[in-house]
Amino acid sequence: MTAPWLLPQQDPRTRRDRLEVLTALTNGPEFDPALRGGVLKIPPTHAAYPWSCTVIDCARPRWQRYAMCSVHAEQWQEAKARGTSRAQFLRTAQPLPATEMPEAMMCRICPQRPAFSLQLVLCFRHRNRWLSYLKRLPGRDEAEFERWLADQPSLPGGECRADVCDELAASPLGLCGAHERGYIRAGRPGGAKLPKNFFATYECRDLSVPVTCEDQVAFRAWCRAQLPVHRTGTVNLRGLRPLLRAEFQWGMYVHGLQPDRRVAADVGAVAR
């Protein structure tokens, strides 16, 4: 086995020059803006990388095959066996509601906090405040809810403390919902925790919630080791070295320019 220090090493200047070239290319006017940044948000009907179901108004992402969601793909196979054409199936298929959100919803009151209740579109704290309000004054209607909303203050928030995550923190612990659940499953490395009943003791009184941590080093190590939250249509490049990130972005752009991918996208647009 050859020792690592005996293998040919790339000149650091070569890496720097390559990064400068790729940075200039990705900042150019012809480069796809959807492929810039540390977190790529790919539109559902992107010309090279579409991910939405081709059934009109279907809110679900496409499956691995047929450019349709899993339900419509199964329905299409059954319809195809009966002699139905693809174009006819796409015209008559009924759209389906989304089963997952491509992006986290924000609280309608706090733009820096994620919505805990998707039905009310409220963060955890405001959801609890509204439920407490209903207990004191039952039978409130939608107009009362709108008046209540107008009186509620916006609360501070921030990004998840997991290094690669671009989601908002779901609680004063500083982790998004997915990473907070993962932190609990992992046995709370570092012992970071919130006070018991922190909502009633602190947040209801507009007080800052103290976070205790037995071992900051262990907690930060856990945060650095986490993977990003999966979101359909999102490519998270956080944590990659600048050159690798630039190569990945440029590779996606060049791959999208291939004629076969453009033709496939055009065929999908005609089918819609």
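Helices here are DSSP runs of H or I with at least four residues, numbered from the N terminus. By that count, this predicted model has ten helices and two strands in its protein chain. In sequence order, the elements run α-β-α-α-α-α-α-α-α-β-α-α.

Now for the overall picture. Of the 272 residues in the protein chain, 35% are buried. Take the contacts with a separation of 6 or more, and 50% of them join residues 24 or more positions apart. The accessible surface is about 16900 Å², with 55% of that belonging to carbon and sulfur atoms.

On to the charged pairs: the structure holds six salt bridges, including these:

| Salt bridge | N to O distance |
|---|---|
| lysine 41 and aspartate 166 | 3.4 Å |
| arginine 147 and glutamate 144 | 2.7 Å |
| aspartate 163 and arginine 220 | 2.8 Å |

Start with the local one. Arginine 147 and glutamate 144 sit three residues apart in helix 5, about one turn of the helix. Glutamate 144 counts as buried because its relative accessibility is 13%, under the 20% cut-off. Arginine 147, at 48%, is partly exposed.

Lysine 41 is partly exposed at 36% relative accessible area, and aspartate 166 is partly exposed at 24%.

That loop between helix 5 and helix 6 also carries aspartate 163, whose partner arginine 220 lies 57 residues away in helix 8 (residues 216-224). Aspartate 163 is partly exposed at 36% relative accessibility, as is arginine 220 at 25%.

Key: Residues numbered from 1 in each chain as written. Predicted model: local features only at pLDDT ≥ 70, side-chain atom pairs only at ≥ 80, totals over all residues. Heavy atoms only, no water. Buried < 20%, exposed > 50% of the residue type's maximum accessible area, 1.4 Å probe, protein only. Contact = heavy atoms within 4.5 Å. Areas by Shrake-Rupley, 256 points an atom, 1.4 Å probe, with all protein chains shown as cover. Salt bridge = Lys/Arg side-chain N within 4 Å of Asp/Glu carboxyl O.
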